Amino acid sequence: PAARKNLSIAESSVVGSRFLLERASDADIGANAQLSYTLSHSEHFKVQEENSNSRTKSLFLIITKLLDRETVPVHQLVLTASDGGRPSLTGTMKLVISVLDANDNAPQFNQSVYNVHLPEDAIEGMLVTRVNATDPDEGSNRDVKYEIDTVVPLSSSEVFSIDADSGEITLTNALDYEAVTMYELHVKATDKATPPLSSQCKVVVEVLDVNDNAPEVWVTSLSVPVPEDASVGTVVALLSVSDRDSGANGRVRCWVWPSGPFGLEATFLGSYSLVLREALDRERVSEYEVEVRAEDGGSPALRASRGVRVPVSDVNDNAPAFSQAVYTVLARENNLAGAELARLWARDPDEAGNGRVSYSVWEGGVGGASGSSSSGGGGSVWRPASSYVSFEVRAVDAGEPPLCGNATVQLFVLDENDNAPALLPSAGGGPEAGAVSLEASAGLGSETLWAWAAWGAPAGQVVAKIRAVDADSGYNAWLRYELWEPRGKSPFRVGLYSGEVSTARALEEADGPRQRLVIVVRDHGEPARSATATLSVSLVEGAEAALAAGAGSSSLVARSAVGGESGSGATAATNVWLVVAICAVSSLFLLAVVLYGASRWAPRAAVLAGPGPTTLVCASEVGSWSYSQRHSRSLCVADGAGKSDLMVFSPNFPPPPGPAIKDTQPELPALLGT
């Protein structure tokens, strides 16, 4: 009936589905009107008449193979009708079959796996990737929407988001390589058909490490304080060093700052030991502030540090030390017992008991005994005199074991002017000229001395010599002589320092038979002490004076003041008494010479004798000396008594070859020679 017929068949039609076609008509009758139908070649369709006995048979288009719109959306066939006449006549009709779409295709991604690399410092909102899925269906069946189905790890579901229409995946939270190094996103694409079809793809996001983590340093063990005598290599602390980054960013190098007595040693991966590299000295540095520094290999490199406080404990390795090896102490005489002579101080740089110092006097070098600075009851111990001149003070700390230091104290006694000058007897030494000593006091003592002078003696002739001695030393023992009476024009004068009484002018008879002189002897101390001597000078004829001089009567004769007055009462019998006096003086002179010679050459007992182990050096403003193996002797001179403060010391020479020298008193000539 028509040359073209359009048909629409659902893609989802099953095999065997029939679609009614309009039959052809033929005006002939009989066999010429019997029609048969053929269809152009098609693997999906065929035509078939209804198999029935009815006069009219229906014509059907039958599906022989499932249709696929996405493969062949339109089928164009030619239907031919042929009659039974001879020859056969035909008629044709074009069949245009449109395959109606069915949602038989799920969306398909162009990649099953998407691989993405992101730095961990990527900012939020950054495009990660874009997924694309296509659906060969048409219409709403081909419209696709996207969604993130699952995320691995599950806790990271908020890190990424996807646009439902475009498939763009963006970063919604910060990445942290140290927390998650890789994400796996399962993305689903779904069409909008009913029922919808969907498919999935996988997006693998690998996080790239960025050097965003500084190294971390932790002290896991600390052994403090460290004793200052700890050996090199002693482990002070254990440290753990780590960096959460990877690769070069996580490779860490460590060192100690400042570079002092400590160093680092790697024990195993990420662990270090803080060890002692040098000997410690608490007295120099009592505490160390050590900083362990770490730096990674990133670019730019990141650093970290950890401070470690290392106190040093004290060890008794320092003995007390005095500021001086030898102390010179000047002490005035006559001070009271218990008076402070000097104050010594020894420094011990150790602390606590190791630095607590106690002091004692050590006399191990004298008699092998030791003495303490304090004394107890129960009697006194004899000490050599040298122990009061030089001794050792020992300082001992309270450490274990205790350490000690020594200092030598040299004591010099300073003289005080506590002795008045004392007059010495005449050189004759006889009983008539016996010395009468004066009391050593601030008051004036007096003694009458006798001398003879000839009339007419010229000026400057010495008629007598006043001799005195002062037990003090230095300026306190330096004496001067002054003529106290008579004041004015006296025929005599006194040498200021020699004590010689000499004529100031020629003596005349007008000067009288006797002159009484009062002479004051003063020292140079502060305050000065003095003594007085009364000298009675008898003026006689020249011959008598010569006779008295020949008999040794020029020496002073000491008499008591009462005796002097009784002598003045015998002036009337001068000549008789002169003869008696000359005889007596001559006898006494001879006796004096004998006694003097005997005393001069007789040996004296030693005051102190014996060798000493050390040499003592003394010094003061009045002189210096040194001695060892000392021998002390009283020394007598020809014209005076011995002074107890004058000592002779033998030098510290090795003994001469020959037999051993006994510790005996040497003869006086040998002593004086030494």
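Residues are classed by relative accessible area: buried means under 20%, exposed over 50%, and partly exposed in between (1.4 Å probe, protein chains only). The structure is a predicted model, in which local features need pLDDT of at least 70, side-chain atom pairs count only at pLDDT 80 or more, and totals for chains, interfaces and linings use all residues. Numbering starts from 1 along each chain as its sequence is written, and side-chain values use heavy atoms, with hydrogens and water left out.

Surface patches were examined. Patches are made of residues with over 30% relative accessible area and no salt bridge; like charges are joined within 9 Å, and nonpolar side chains (Val, Leu, Ile, Met, Phe, Trp, Tyr) within 5 Å. Accessible areas come from the Shrake-Rupley method with a 1.4 Å probe, and for residues only the protein chains shown count as cover. Y475, W478, L496 and Y497 make a nonpolar surface patch of about 460 Å². Y497 is partly exposed, at a relative accessible area of 43%. This residue sits in the loop between β36 (492-494) and β37 (500-503). Strands (E, at least two residues) and helices (H or I, at least four) are DSSP runs, numbered from the N terminus.

Charged pairs were examined next. Side chains of opposite charge can pair when their charged atoms come close. A salt bridge is counted when a side-chain nitrogen of Lys or Arg lies within 4 Å of a carboxyl oxygen of Asp or Glu. The whole structure holds 19 salt bridges.

One of them joins R69 to E70, with the closest N and O atoms 3.5 Å apart. R69 is buried, at 11% relative accessible area. E70 is partly exposed, at 25%. Both residues belong to a network of salt bridges that also links D101 and E138.

A salt bridge also connects E147 and K188, again with a closest N to O distance of 3.5 Å. This pair links distant parts of the chain: E147 lies in strand β12 (residues 144-152) and K188 in strand β15 (residues 182-191), 41 residues apart. E147 is partly exposed at 36% relative accessibility, and K188 is partly exposed at 22%.

R293 and E291 form a salt bridge through their side chains, at 2.4 Å from N to O. R293 is partly exposed, with a relative accessible area of 27%. E291 is also partly exposed, at 25%.

S271 was examined separately. This residue lies in strand β22 (residues 271-276) and is buried, at 14% relative accessible area. Neighbours within four places in sequence aside, S271 is in contact with L239, E265 and A266. Contact means heavy atoms within 4.5 Å.
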